[in-house]
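Dear colleague,

Please find below the structure that I am handing over to you.

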There are 2 protein chains.
Amino acid sequence: MDPRDVVTLGHGSGGKMTHALVRDVFMRRFSNPALVAMGDSAVLDAVGAKVAFTTDAFVVSPLFFTGGDIGKLAVCGTVNDLAVAGAVPLYLSAAFIVEEGLKIADLDLVAASMAEAATSAGVAIVAGDTKVVERGHGDGVFITTAGVGRMRQGAPEGPGSVRIGDAVVVSGPIGDHGAVIAAHRSGLALEGFGSDCGAVTGVVDAMYRAGIRPRFMRDPTRGGIATALAELAGQAGVSVAIREADLPVRDGVRTVCEILGLDPLYLACEGRVVAVVGADDAEAAASAMREVDGGEGARAIGEISAPTSGPVVLRTRYGGTRLYDRLASEQLPRIC
Amino acid sequence: MDPRDVVTLGHGSGGKMTHALVRDVFMRRFSNPALVAMGDSAVLDAVGAKVAFTTDAFVVSPLFFTGGDIGKLAVCGTVNDLAVAGAVPLYLSAAFIVEEGLKIADLDLVAASMAEAATSAGVAIVAGDTKVVERGHGDGVFITTAGVGRMRQGAPEGPGSVRIGDAVVVSGPIGDHGAVIAAHRSGLALEGFGSDCGAVTGVVDAMYRAGIRPRFMRDPTRGGIATALAELAGQAGVSVAIREADLPVRDGVRTVCEILGLDPLYLACEGRVVAVVGADDAEAAASAMREVDGGEGARAIGEISAPTSGPVVLRTRYGGTRLYDRLASEQLPRIC
């Protein structure tokens, strides 16, 4: 391979090579007025009376997977953290830690994917940074995004506002992303599905447009839906009862889980939202989500109950119960 | 060593171990109301009519060095990017990519150092994330910070506003940070100095308090003061003339440079600001900086000229000239 086709330590110098890489890859892909100004900080017009601010680091391995790549994940992950906080995502920053030897063509694919995901989610990537580490001190590329959004009127008040009897709604099948990564690493063929990696802004907007004000929302990433709901249970002092019969899990995900001994409730989703709404709003929320892209499989899956035998109680198809707590340690490293 | 004393892949699971690490290290060190809410995003009160937003990734090696560590650097670097854009830094996010096997005590030292630097710079760390990669796929810890600030009235208008005849002022000796890192890596003893790693908010505030409105400011990190001024020259269509006799360089830095064949003008500073002000304001700007911590060595070092033989022209002590452009490739990898 032509040595000019890979990232070298010189690309991390802050000098001409860095400038050329940023110009040829990132500026070309992410171009927008705030970024083009190339100052030390992006300058943004007033964001709103309340501002949401979040960050996530992405270290997923492999970098490219069925249904997405680390770039799409890095944009959608931060967009989703803003969206579930009840914010309209507006601006992202993106910092790259590149391992010497990464193909520039691969970096460009990642940047192109980020640009597409950002456009699709209605956000602009306005600030960035690029560092290079020696071979064997990184792994391809790590991406950290941070995001700024404008808080909505009627944003979720959080765990403390959840009431016994409230309904739990999920925007689509669970565990797709985790199953895809697990399958790639194990050399398993995927049967007709890919990562759910995507922005949840559409399904969240749909709920608000339908007049529904969720009390709590979360994107169940690392640790899966069981961990997200167990955290809610702990914070709210309640239990969450889930009906297995209503829980959407793709056949392909079940197959991967059976072969590899994984539990879909602990598998990461990267394009789903789980929302707690008033019991009377459950069907309207699921129905509003089903009207938009990415929400086709939305379902009411359970309800909030008084504290019982465990934080999350799954009622199985056969009338039994299975208890879930937060994932204790690592089911699958570097899932996102 | 007790295996409980090091970071493991389980700490990256998003489950109980992650929660414990975040609680015992980061929450303990960074505690503030926005962070303690532990939502998916921090929710901030209105930031201002114009908002500055920036990010930087930090991969410095070694993690701990004379005068600072990666944590202090990660806070000050982003604070400084906001400050030189003309913003008052307010909020930071911090994302950690930890290599399996890092001592938790070291991570705690880094977090303590970040907390101290944040308090000192008047910012709150309000959002964070922690990921863990396998041994040999990272290097101790990488930290990416992003920052949000409120733009000042009278923020610098940037390179386009720079005029021929304007003065160039630097807030203190150059190259300290780069020399420290180079010396550590080469096993050279340091003679009476450490990294300048620190926030430039004090010296910037001092200029504004003195009624000075800089046309341009930058913190000359990777690529050093030569690269920062060469970029300015390129963007503004001017040259920058620097007087070697007025350029503050510590004796210890000169020694390191002579031994290792480095040029102090290309060495990173991590606590300096270079400002362009009207010629009549040069002495007042340097004098205002000298009144505050970290600005003791402030000097007017040169002026903006019509485009000439190179972007940056150093007039040597002996009456000759030496030309500087942006650093072409890598003088010193992983300086920050």
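Which residue stands opposite Tyr91(A) in E6(A)? In this predicted model, the residue opposite Tyr91(A) in E6(A) is Ala124(A). The wider setting of that pair is described next, beginning with the division of the chain.

Domains of chain A

The domain assignment divides chain A into domain 1, residues 3-151, and domain 2, residues 159-324. Between the C-alpha centres of domain 1 and domain 2 of chain A the distance is 28 Å. Domain 1 of chain A contributes 18 residues to the contact, and domain 2 of chain A contributes 21 residues.

The sheet of five strands

One open sheet contains 5 strands in the order E6(A)-E5(A)-E7(A)-E2(A)-E1(B), and its pairing is mixed. Its edge strands are E6 (124-133) of chain A and E1 (42-45) of chain B, each of which pairs on one side only. From one strand to the next, the twist averages 20°. Within this sheet, strand E5 of chain A (residues 87-99) is joined to E6(A) by 9 bridges in the parallel sense. Helix H3 of chain A (residues 70-84) lies across E2 (50-58), E5, E6 and E7 (141-151) of chain A, and runs at about 150° to E2(A).

The sheet of seven strands

Chain A also has an open sheet of 7 strands with mixed pairing, in the order E9-E11-E8-E12-E10-E13-E14. At the edges stand E9 (216-218) and E14 (321-324) of chain A; each has a single partner strand, so one side of each is left without a neighbour in the sheet. Neighbouring strands are turned against each other by 25° on average, with direction ignored. Strands E10 (residues 239-243) and E13 (residues 312-315) of chain A run parallel and are joined by 4 bridges. Arg243(A) has Arg315(A) in E13(A) as its bridge partner.

Helix contacts

In chain A, helix H6 (residues 201-209) and helix H9 (residues 282-290) cross at roughly 130°, and their axes come within 8 Å. This angle makes H6(A) oblique to H9(A), and the crossing is right-handed. On the H6(A) side, Val203(A), Ala206(A) and Met207(A) meet Ala285(A), Ala288(A) and Met289(A) of H9(A). By class, this contact of H6(A) with H9(A) has 6 nonpolar residues, no polar and no charged ones.

In chain B, helix H6 (residues 201-209) and helix H9 (residues 282-290) have axes that come within 8 Å and cross at roughly 130°. H6(B) is accordingly oblique to H9(B), passing H9(B) in a right-handed crossing. Here Val203(B), Ala206(B) and Met207(B) of H6(B) meet Ala285(B), Ala288(B) and Met289(B) of H9(B). The contact of H6(B) with H9(B) has 6 nonpolar, no polar and no charged residues.

A further contact in chain B involves helix H5 (residues 176-186) and helix H8 (residues 251-260), which pack at an angle of about 50° with their axes 9 Å apart. From H5(B), the contact takes Asp176(B), Ala179(B), Ala182(B), Ala183(B) and Ser186(B); from H8(B), it takes Val253(B), Val256(B) and Leu260(B). By class, the contact of H5(B) with H8(B) has 6 nonpolar, 1 polar and 1 charged residues.

With kind regards

Key
Residues numbered from 1 in each chain as written. Chains lettered and ligands numbered in written order. Predicted model: local features only at pLDDT ≥ 70, side-chain atom pairs only at ≥ 80, totals over all residues. Heavy atoms only, no water. Axes fitted to C-alpha atoms, helices over the stretch in contact; angles between N-to-C directions. Helix = DSSP H or I, 4+ residues; strand = E, 2+ residues; numbered from the N terminus. Contact = heavy atoms within 4.5 Å. Nonpolar A, V, L, I, M, F, W, Y, C, P; charged D, E, K, R; others polar. Pairing = 2+ DSSP bridges. Domains from an automatic or database assignment. Parallel < 35°, antiparallel > 145°, perpendicular 65-115°, else oblique. Left-handed = near helix turned anticlockwise from the far one by under 90°.
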